[in-house]
Amino acid sequence: MYPHTAFTGFRGKRLHLGVSGSVAVVKSLELMRALAKTGVHTSATLTSGAQRFITPLAFEALGAAPVYTSMDNTESSIFGHLEPGQDAHVFAVAPATANILAKIAHGIADDMLSCQALAFNGPMVLAPAMNPRMWNAAATRENWQKLKDRGVICIEPTCGEMACGEDGKGRFPDVESISLTILRALSTQDLAGKNVLITLGPTREYFDAVRFWSNPSSGTMGAAIAVAAWLRGANVTAVCGPTNVWLPEGITRVDVGTAREMFDATTALWPEADIACLSAAVADYRPVPYGTGKFKKEGSAGLEVAFEQNPDILYTLGQNKKDGQRLIGFAAEASDLEANAAGKLTRKNLDMIVGNDVSRPDSGFGTPTNAVVIHDVTGATEAWDPMSKADVAWRIWDWMLAL
Ligand code: C5P
């Protein structure tokens, strides 16, 4: 799990995880662990095929309860095949073989997992893993389409070399994507239908062909805000400065380099946005470039750099804010946090500002946690104890939705 996906607010949410026979079964343990960290409780069913690769004990040891293994499993009640349908909020099958996809698509109920799937009528997530020829087979293609048409949340397998040595499509999707897709299915969709625009990461302001002026922003805080909004149902576009922060495929990513590129991308997207949250650490100034090519120390009298001001993206959005649009800014401050944050809220015409104290060791650039103070347009303010950036992001959306 990345720091920007380390949400911990899913206590009380219950997942039923079906595991079918594939060499990828070990990854389902990883998936369970990632979800357990968020607070999700998992119950599981292993098909007989899965049990040839792994034992139920491995799932029990990581906290899955109950773990079903067959229809005549004496440890579960005689109604075990109906229990996930009554208890679980989401039903996932990961890894899902061609066989279980076919059974779910056609309503075949001849073992514990297929009976439980048929008796479940909530959100279902499928993450397949199989040989590329099995994946490409006409029967599997039809079944997959049938499942998608029925509204099942279908995660495409990935391409690459398979355990069998063949190359092609059919690899188990990455655990982070599956875990977030499950969290999305478990989340209240209180941002559904909203277009959310985020800026994140640093900007790079080039002095010559290879050297730039920048800052150590990792993009973690903005990525957490983008992922949290996506989990809650928003259509999210993230304008990213140079950072390799991972984002799920469901988020539209626009990569930019300089503050002016970020300005152009963000101002172009703002008219269609319902809410924008600008968390990027934009360079306020850019060096005036040294001619063209690369500056050479040989034969030069020394290096002197002049700077010119970059446009303020947040300010510009605030000046062009229409009725109903909401704007959130950040204030990274090393002193007078409260006063500076409150001042920016008014000056930049924001609805909410998140001030973070970058002088603390547990807050600001490159840390997994943040200690922030919130100010909003109604005058309400609150200081939050340090918590993971993912949890800060979740609470920012709670606050925004209550405004
Ligand atoms: O005024 P200051 O730079 O401290 O404001 C920080 C806020 O403004 C952040 O939300 C940041 O993303 C945004 N900002 C911007 N364009 C700039 C400078 C800052 O959007 N050129």
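**Notes on the ligand site and backbone**

1. The ligand is surrounded by 13 residues, and the closest are Leu 278, Ala 280, Pro 311, Phe 330 and Lys 344. A residue is near a molecule if one of its heavy atoms lies within 4 Å of it. This is a predicted model, in which local features need pLDDT of at least 70 and side-chain atom pairs count only at pLDDT 80 or more, while totals for chains, interfaces and linings use all residues. Residues are numbered from 1 along each chain as its sequence is written, and side-chain values use heavy atoms, with hydrogens and water left out.

2. By class, the shell around the ligand holds seven nonpolar, two polar and four charged residues. Here Ala, Val, Leu, Ile, Met, Phe, Trp, Tyr, Cys and Pro count as nonpolar, Asp, Glu, Lys and Arg as charged, and the others, Gly among them, as polar. At least two shell residues come from each of α11 (313–319) and β17 (326–333); helices (H or I, at least four residues) and strands (E, at least two) are DSSP runs, numbered from the N terminus.

3. Eleven aromatic pairs are found in a search of the whole structure. Rings of Phe, Tyr and Trp (its six-membered ring) pair if their centres lie within 6.5 Å; planes under 30 degrees apart count as stacked, over 60 as edge-to-face and the rest as tilted. Phe 10 and Trp 394 have ring centres 5.6 Å apart and planes at 65 degrees, so this pair is edge-to-face. Because Phe 10 lies in the segment before β1 (14–19) and Trp 394 in helix α13 (residues 389–402), the pair ties together parts 384 residues apart in sequence.

4. Most residues other than glycine have a negative phi, and most peptide bonds are trans. A cis peptide bond joins Ala 65 to Pro 66, with omega about -10 degrees; Pro 66 lies in the loop between α2 (56–61) and β3 (67–68). Another cis bond joins Ala 94 and Pro 95, with omega about 0 degrees, and Pro 95 is in strand β4 (residues 90–96).
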